Amino acid sequence: MIHVKNLLKRYGDLVALDHLSLDIKEGEIFGLLGPNGSGKSTAINCILSLLSFDKGEIEIFGKKMTPDAYESKRNIGIVMQNVAVFDELTVYENIDYFCGLYVHDKSERKRLVEEAIDFVELGNFKKFHPKKLSGGLLRRLNIACGIAHRPKLIILDEPTVAVDPQSRNKILEGIARLNKQGATIVYTSHYMEEVEQLCSRIAILDKGRVIASGTQEELKAMITLGEKITIEAFSINEQELQQLRELPGVLSVQWIEKRLVIKSGKKAGSLEAVLDFLKTHEIGFGRIYSELPTLNDVFLEITGKQLRD
Ligand SMILES: Nc1ncnc2c1ncn2[C@@H]1O[C@H](COP(=O)(O)OP(=O)(O)OP(=O)(O)O)[C@@H](O)[C@H]1O
């Protein structure tokens, strides 16, 4: 669906995209995950020919993408980070306007607009003007405007920023449904939870470069971390901490605010050894929980930084 090779984009001296390459296949929900400023919007805008770039190749639907590739554009739905609707038009009129850019048959358009309204559940707000909508409803209107013409490829740039949890869930469910109905989705976000929930394949971006890509399982298999164990312990001395660090499979041990945070490697089975150690050394403890690696752990291990700092 999308082929990007060695994309280089500079804003003056700043390299925003540093030889970025991506291949997005038909039918997938592809996540572009990266912290603020990592180049997600720049990548999307270059892919859509809304921004010029310095070097590289971009193909969509197997054809070179250019500003006048109208046939390709007809089959693309875009939902931008900033809500882009007309304040003068009602909810219905806005969706009708954007759908009308691609669909000229009136009765066909009416059906598509109604479907889009049902899809984002704005049926009770058809006659509202955008200024009267809450942030979450406005985002849903923005999405309806981008998808009403039933595009094969839908690109959403951080569509849930500043949205309440209920609307966010509705948006994520809606995107999954669009994909089930056949659309290929490209979804950018700096929320790893969303990308984990939604995307079948993911590229992690940092400083304009793809630092890792693959399915969640593939990404998590790239790092050494297998398990993070947190134990609410009453007290522990430096010597005991050191002994814990020397247990087989343990990668690191931190003692933070009466919590032991133990990171261990894959298939290390460290939990049992740690519990044995605490019992033998008569170290009292309360709650214990174990977590599998997240995409933030992948980002942290590769870049040394948190995804959201
Ligand atoms: N028009 C511009 N002129 C100069 N620098 C820009 C411009 N647009 C973006 N940048 C810079 O390019 C880099 C990439 O920005 P971009 O907006 O693509 O990142 P992003 O991952 O989409 O971030 P965010 O999540 O905050 O939208 C950042 O350092 C940003 O400050």
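This is a predicted model: local features need pLDDT of at least 70, side-chain atom pairs count only at pLDDT 80 or more; totals for chains, interfaces and linings use all residues.
Residues are numbered from 1 along each chain as its sequence is written. Helices (H or I, at least four residues) and strands (E, at least two) are DSSP runs, numbered from the N terminus.

**How α5 meets α6**

- The two axes come within 9 Å and cross at roughly 15°; axes are lines fitted to C-alpha atoms, for helices over the stretch in contact, and angles run from 0 to 180 degrees between N-to-C directions.
- On the α5 side, Gly136, Arg139, Arg140, Ile143 and Ile147 meet Gln166, Ser167, Lys170, Ile171, Gly174 and Leu178 of α6, with contact counted when C-beta atoms, placed from the backbone, lie within 7 Å.
- By class, this α5 and α6 contact has four nonpolar, four polar and three charged residues (Ala, Val, Leu, Ile, Met, Phe, Trp, Tyr, Cys and Pro are nonpolar; Asp, Glu, Lys and Arg are charged; the others, Gly among them, are polar).

**How α3 meets α5**

- Helix α3 (residues 91-100) packs with helix α5 (residues 135-147) at an angle of about 30°, their axes 7 Å apart.
- That angle makes α3 roughly parallel to α5.
- Here too there is a right-handed crossing, of α3 past α5.
- From α3, Val91, Asn94, Ile95 and Phe98 meet Leu141, Ala144 and Cys145 of α5.
- This contact of α3 with α5 has six nonpolar, one polar and no charged residues.

**The sheet and its helices**

- Six strands form an open sheet in the order β6-β7-β8-β3-β9-β10, with mixed pairing; strands pair if DSSP finds at least two bridges between them.
- At the edges are β6 (76-79) and β10 (209-214), each pairing on one side only.
- From one strand to the next, the twist averages 15°.
- Strands β3 (residues 29-33) and β8 (residues 184-189) pair in the parallel sense over five bridges, and glycine 31 has tyrosine 187 in β8 as its bridge partner.
- Helix α6 (residues 165-180) packs on the sheet and touches β3, β7 (153-157) and β8, its direction making about 155° with that of β8.
- Helix α11 (residues 295-303) also packs on the sheet, touching β3, β9 (201-206) and β10, and its direction makes about 135° with that of β10.

Notes:
Angles under 35 degrees count as roughly parallel, over 145 as roughly antiparallel, 65 to 115 as roughly perpendicular and the rest as oblique. A crossing is left-handed if the near helix is turned anticlockwise from the far one by less than a right angle, and right-handed if clockwise. Two residues are in contact if their C-beta atoms, placed from the backbone, lie within 7 Å.
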